[in-house]
Amino acid sequence: MTAVPSTTGHRGALAQGMTLAWRSLVPLRNEPGRLVQFLLQPVFMVVVFVLMFGAMSGDTEHAARFLLPGVLVQVALISTNATGMNLAEDIVNGVFDRFRSMPIARSAPLVGRVTADALTTAVTIAVALLAGIAAGFRITASPLGTLAGLALLLLFTLALSWVSAWLGLKAKSVASMQGVATAVLLPLTFGSSAFIPPANLPGVLRWWSSVNPVSHLADAVRALLTGAPVGPHVWVTLAWAAAVTACFVPLAVRAYTRRIR
Amino acid sequence: MTYAIETHGLVKRYGDKAALAGIDLAAPPGSVLGVLGPNGAGKTTAVRILATLVSPDGGRAAVGGHDVVKAPAEVRKLIGLTGQYASVDEKLTGRQNLVMIGRLLGMRRAEARGRAAALLAEFVLEDAADRAAGSYSGGMRRRLDLAVSLVGRPSIVFMDEPTTGLDPRARADLWRIVREQVASGATVLLTTQYLEEADQLADEIVLIDHGVVAARGTPRELKARAGDRRLEIRPEHDAEKAELILAEVTGQTPHRGENGLLSVPLLDSAVSPAVFRRLEEAGVSLAEHAVRRPTLDEAFLALTGTTTSGRTR
């Protein structure tokens with residue numbers, strides 16, 4: 001098989017990662033049903049959290065200003081679930097064995113998966129933002145501030161998707177991965193300032209919400225989109241994203257290379 | 001001589017259970033090595049080590065002259081792997097699966113598409129080419145899996161139980177494909193639970209059980225030792241006359257089984273019609289007749305003096 005060129009260089013690894021990202025996205029085109037579900041979910045979240053919960057508060061405009069950034073954080077973080085679930089699926093049904101037996105960069109399947117999921121997350125966030133605007137949310141920040149807010153959200157989500165990847169590579173089955181990921185994500189998202197200010201919470205919940213990194217993320221995104229003072233939240237969020245990435249990229253890569261059945 | 005596939009004293013333990021307890025294999029280039037054994041014998045473990053998916057705990061293994069532990073990247077350039085469980089992406093179409101592998105191997109888009117189209121035609125998958133692989137039947141899936149493993153034109157192909165669970169027709173299709181691969185010069189290591197499959201395809205058979213080699217030889221040698229097919233008849237009457245005719249036509253001494261069953265080794269398929277004709281001429285009618293192959297269990301018993309389900313030696 002002399003026809004196969006060397007694939008150990010960085011160009012090769014990048015091209016392979018892109019091929020595998022394509023492979024992760026193409027099912028959305030094959031089955032438009034998947035696309036509907038993945039576009040409908042953010043709209044549904046906006047309807048429930050912004051319109052319905054907002055109606056409860058009386059002042060819908062103020063509620064939208066507070067809640068929509070929370071919904072963006074929520075849908076972005078929940079979407080990281082897909083990374084680990086898809087990796088677990090590839091392991092269980094033997095697709096990864098094929099990749100590992102091929103002369104491709106060891107990192108390509110991971111990079112491809114995470115890249116594809118970052119793209120779908122970006123689309124999810126955009127759909128939620130558009131739905132939010134339709135529901136009465138007004139971006140009052142500069143375009144630069146808005147972009148910074150969305151970029152920060154995407155960066156944190158990317159960091160978290162490596163946690164999801166690690167869980168997926170460690171999991172015994174797709175269902176167990178889903179269980180663990182839900183147990184991690186629900187307290188992180190709901191137990192944060194995404195939907196309720198910590199000051200309104202009792203005892204332990206207030207403590208948890210104040211130490212939860214997602215609270216800093218939600219506060220930073222909210223401040224950046226509405227042009228309010230950001231305080232320390234952007235830097236704390238960046239520090240968390242860096243720390244999580246620094247921990248979980250090596251963990252995920254190690255779990256991937258050692259994944260032996 | 002440089003073997004395409006070679007192992008010496010290969011050992012793999014899972015916990016305190018030895019999946020492989022010292023296996024020697026050798027396949028010359030362009031040959032088919034059949035690794036025959038029951039479930040849990042260690043066949044899949046051997047394939048996984050040779051395909052660089054698992055490291056051995058002892059012994060050594062080389063593929064195309066490259067050590068699987070020291071030079072896995074070199075090994076991966078030479079091999080194609082078809083798993084026991086079809087490892088295609090179910091959410092992609094057959095064509096997309098093939099194009100993806102071509103692109104991963106560094107082919108340009110047009111080249112990858114051309115290779116995919118050629119393989120779809122060769123493996124009779126053109127009608128289903130643009131359907132999700134998840135909707136394929138068992139036989140189609142195995143064919144796609146095999147096609148995917150051949151995209152890079154590997155010189156050494158590992159097929160781990162490629163026909164387990166397939167119906168006879170799908171199995172015959174796969175056998176044809178394996179023969180074509182060998183005709184094009186590839187070395188094939190095939191694992192199977194079926195004596196007949198190893199007999200049909202392999203140049204040499206290694207029988208493994210409980211992680212050790214129980215017997216090895218060419219199919220002809222092993223069959224001679226295991227006992228070939230047997231012709232069995234159960235006459236309704238005139239048992240002695242039937243026995244005489246059977247002995248005369250086959251030149252073998254019939255074995256008397258229970259309930260009047262008579263059997264002889266069947267060395268030549270043309271013999272059975274001759275037997276039936278003579279019996280009919282003599283007016284002997286049969287309650288039952290069959291040609292039976294030795295089962296894997298019987299072959300094990302004959303070749304090793306042990307059964308597959310437990311050691312009795």
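In what order do the four strands of the open sheet β12, β13, β11 and β14 of chain B stand, and is the pairing parallel or antiparallel? In this predicted model, the order is β12-β13-β11-β14, and the pairing is antiparallel. The edges are held by β12 (255-256) and β14 (286-292) of chain B. Each has a single partner strand, so one side of each lacks a neighbour in the sheet. Two bridges link β12(B) to β13 (residues 262-265) of chain B, in the antiparallel sense. Among the paired residues, H255(B) has S263(B) in β13(B) as its bridge partner. Helix α9 (residues 239-250) of chain B packs on this sheet. The helix touches β11 (230-235) and β13 of chain B. The direction of α9(B) makes about 5° with that of β13(B).

Chain B also holds an open sheet of four strands in the order β2-β1-β4-β5. Its pairing is antiparallel. Here β2 (17-27) and β5 (66-67) of chain B stand at the edges. Each of these strands pairs with a single partner, so one of its sides has no neighbour in the sheet. Strand β4 (residues 58-63) of chain B runs antiparallel to β5(B), and two bridges join them. A62(B) has D67(B) of β5(B) as its bridge partner. Helix α1 (residues 43-50) of chain B packs on the sheet. Its contacts are with β1 (5-14), β2 and β4 of chain B. The direction of α1(B) makes about 115° with that of β1(B).

Domain 1 spans 5-224, and domain 2 spans 228-293. The C-alpha centres of the two domains of chain B lie 41 Å apart.

In chain B, α3 (94-104) packs with helix α5 (residues 138-149) at an angle of about 20°. Their axes are 9 Å apart. The angle falls under 35 degrees, and α3(B) and α5(B) are therefore roughly parallel to each other. The crossing of α3(B) past α5(B) is right-handed. From α3(B), the contact takes G94(B), N97(B), L98(B) and I101(B). These meet L144(B), A147(B) and V148(B) in α5(B). Five residues of this contact are nonpolar, two are polar and none is charged.

In chain A, helix α3 (residues 60-79) packs against helix α6 (residues 108-134). The angle is about 160°, and the axes are 9 Å apart. The two helices, α3(A) and α6(A), are therefore roughly antiparallel to each other. The crossing is right-handed. On α3(A), the contact is made by A64(A), L68(A), V71(A), L72(A), V75(A), A76(A) and S79(A). On α6(A), T120(A), T121(A), T124(A), I125(A), A128(A), L129(A) and G132(A) take part. The contact of α3(A) with α6(A) comprises nine nonpolar and five polar residues, with no charged residues.

Helix α3(A) also packs with helix α2 (residues 32-57) of chain A. The angle is about 150°, with axes 9 Å apart. That makes α2(A) roughly antiparallel to α3(A). Again the crossing is right-handed. The contributors from α2(A) are Q41(A), P42(A), M45(A), V46(A), F49(A), V50(A), F53(A), G54(A), A55(A) and S57(A). They meet T60(A), A63(A), A64(A), L67(A), L68(A), G70(A), V71(A), Q74(A) and V75(A) in α3(A). The contact of α2(A) with α3(A) has 13 nonpolar and six polar residues, and no charged ones.

The two chains also meet. Chain B gives 28 residues to the contact, and chain A gives 24. On the chain B side, α2 (72-78), β6 (79-82) and α3 (94-104) each supply at least two residues. That side of chain B has 14 nonpolar, eight polar and six charged residues.

Conventions
Residues are numbered from 1 along each chain as its sequence is written. Chains are lettered from A and ligands numbered from 1 in the order in which they are written. This is a predicted model: local features need pLDDT of at least 70, side-chain atom pairs count only at pLDDT 80 or more; totals for chains, interfaces and linings use all residues. Two residues are in contact if their C-beta atoms, placed from the backbone, lie within 7 Å. Ala, Val, Leu, Ile, Met, Phe, Trp, Tyr, Cys and Pro count as nonpolar, Asp, Glu, Lys and Arg as charged, and the others, Gly among them, as polar. Axes are lines fitted to C-alpha atoms, for helices over the stretch in contact, and angles run from 0 to 180 degrees between N-to-C directions. Angles under 35 degrees count as roughly parallel, over 145 as roughly antiparallel, 65 to 115 as roughly perpendicular and the rest as oblique. A crossing is left-handed if the near helix is turned anticlockwise from the far one by less than a right angle, and right-handed if clockwise. Domain bounds come from an automatic or database domain assignment. Two strands pair if DSSP finds at least two bridges between them.
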